[in-house]
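These are my notebook entries on one chain.

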Amino acid sequence: MMRRFSSLVHSRVPAMLALPVLLAGCGDSGEGAFLPPERDPIAVQAVNDQIMTDPDLSARNEANAALTTSTDHSIPPVVGTREAISSAQQEALELIKGTGAIPALPDDIEEGDALNVEAGIGLQGMAALTPEFAPCAGGLGYTARWAAEWPAIMPIYPRANLRESAGNTAGGCALRSASLLTPVAYKDVAAFYLEKARTEGLRASIRQLGPAYVVSAAGRGVEARVYIAPTAYGQTRLDIVLQGGD
């Protein structure tokens, strides 16, 4: 019995030693062997398509998670791929009925006091920056419904991630505000809102507040301020405050 076992072990040792050589030979299959498979265009379209979400269910249940991350679960991560940025820019162009490119920002932009958007300024603070909005800013109520029912005249930027939204329609107020993040460059976002206001027939202007821009628009029963600034993570923070509108 022992002789048969010893013979069996010795007969398998050369084969086991030869196995790494065979496996190494399999890896050298020529150029392109390790290229990732092409993306399925149907899957890409499904992922990039607009979806309905419930902001109250955006947090993940990590009760049984083996690994977790430090996040406050306030919003989903911003997708900054080239495809996502290109799709957002294309949808923005369609919103202004554009066929070419959105005009770049003018060179002679008026400058004002710097606005530090990283200082934790909330929607009430943003609204209170405009004297006309200040009386209604204190009564803002927070819910994603305000963003879902946003007027198209000065829309939420396509595919942007909603951070929070609020509004106040009490006591004759018609104020709403929204804070968002987008991977699109902040100058491109500012150029979109300036052009959108003009194509809607609104009186529009732009000022530079340090690294940030503010686009002001008024007319047709609407007054708006759009604050656009780069973040430390290479994204664009966008805060819209709008009074009036359907």
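**Entry 1: the sheet**

I began with β3 and strand β4 (residues 175-182), which run antiparallel and are joined by 7 bridges. I took helices (H or I, at least four residues) and strands (E, at least two) as DSSP runs, numbered from the N terminus. Two strands count as paired if DSSP finds at least two bridges between them. Within this pair, N161 stands opposite L181 in β4.

The model is a predicted one: local features need pLDDT of at least 70, side-chain atom pairs count only at pLDDT 80 or more, and totals for chains, interfaces and linings use all residues. Residues are numbered from 1 along each chain as its sequence is written, and side-chain values use heavy atoms, with hydrogens and water left out.

I then traced the whole sheet. It is open, with 8 strands in the order β1-β5-β6-β7-β8-β4-β3-β2, and its pairing is mixed. Which strands stand at the edges? They are β1 (110-112) and β2 (141-142); each has a single partner strand, so one side of each is left without a neighbour in the sheet. I note for reference that strands of a sheet pair through backbone hydrogen bonds, either parallel or antiparallel.

**Entry 2: helix α7**

I looked up what α7 lies across, and found β4, β5, β6, β7 and β8 (236-244). The helix runs at about 10 degrees to β6; axes are lines fitted to C-alpha atoms, for helices over the stretch in contact, and angles run from 0 to 180 degrees between N-to-C directions.

I checked the length of α7 next. Its 14 residues should span 20 Å at 1.5 Å a residue, and the end C-alpha atoms are 20 Å apart, which agrees. The expected span is 1.5 Å times one less than the number of residues.

Which residues of α7 are buried? I recorded V189, A190, A191, F192, Y193, L194, E195, K196 and A197. Buried means under 20% relative accessible area, exposed over 50%, and partly exposed in between (1.4 Å probe, protein chains only). The cover over these buried residues includes α3, β4, β5, β6, β7 and β8, where contact means heavy atoms within 4.5 Å. After α7 comes G201, with a positive phi near 80 degrees.

**Entry 3: helix α3**

The buried residues of α3 are A84, A88, A92 and L93, and they pack against α7. The 14 residues of α3 should span 20 Å at 1.5 Å a residue; the end C-alpha atoms are 20 Å apart, in agreement. Just after the helix, K97 takes a positive phi of about 60 degrees.

**Entry 4: salt bridges**

How many salt bridges does the structure hold? I recorded 6, a salt bridge being a side-chain nitrogen of Lys or Arg within 4 Å of a carboxyl oxygen of Asp or Glu. In general, side chains of opposite charge can pair when their charged atoms come close.

One of them joins E91 and R159, with the closest N and O atoms 2.8 Å apart. This pair links distant parts of the chain, 68 residues apart: E91 is in helix α3 (residues 82-95) and R159 in the loop between α6 (145-148) and β3 (161-168). E91 is partly exposed at 21% relative accessible area, and R159 is partly exposed at 28%. R159 also has a positive phi, near 65 degrees, although it is a residue other than glycine.

R220 lies in the loop between β6 (212-219) and β7 (222-230) and E200 in the loop between α7 (186-199) and β5 (203-209), so their pair ties together parts 20 residues apart in sequence. Salt bridges that share partners join K196, E200 and R220 into one network. Is each lysine or arginine end buried or exposed? K196 is buried at 5% relative accessibility, whereas R220 is exposed at 58%. The phi of R220 is positive, near 55 degrees, in a residue other than glycine.

**Entry 5: totals**

Buried residues make up 35% of its 246 residues. Among contacts between residues at least 6 apart in sequence, 59% join residues at least 24 apart. The chain exposes about 15500 Å², of which carbon and sulfur atoms supply 55%; areas come from the Shrake-Rupley method with a 1.4 Å probe, and for residues only the protein chains shown count as cover.
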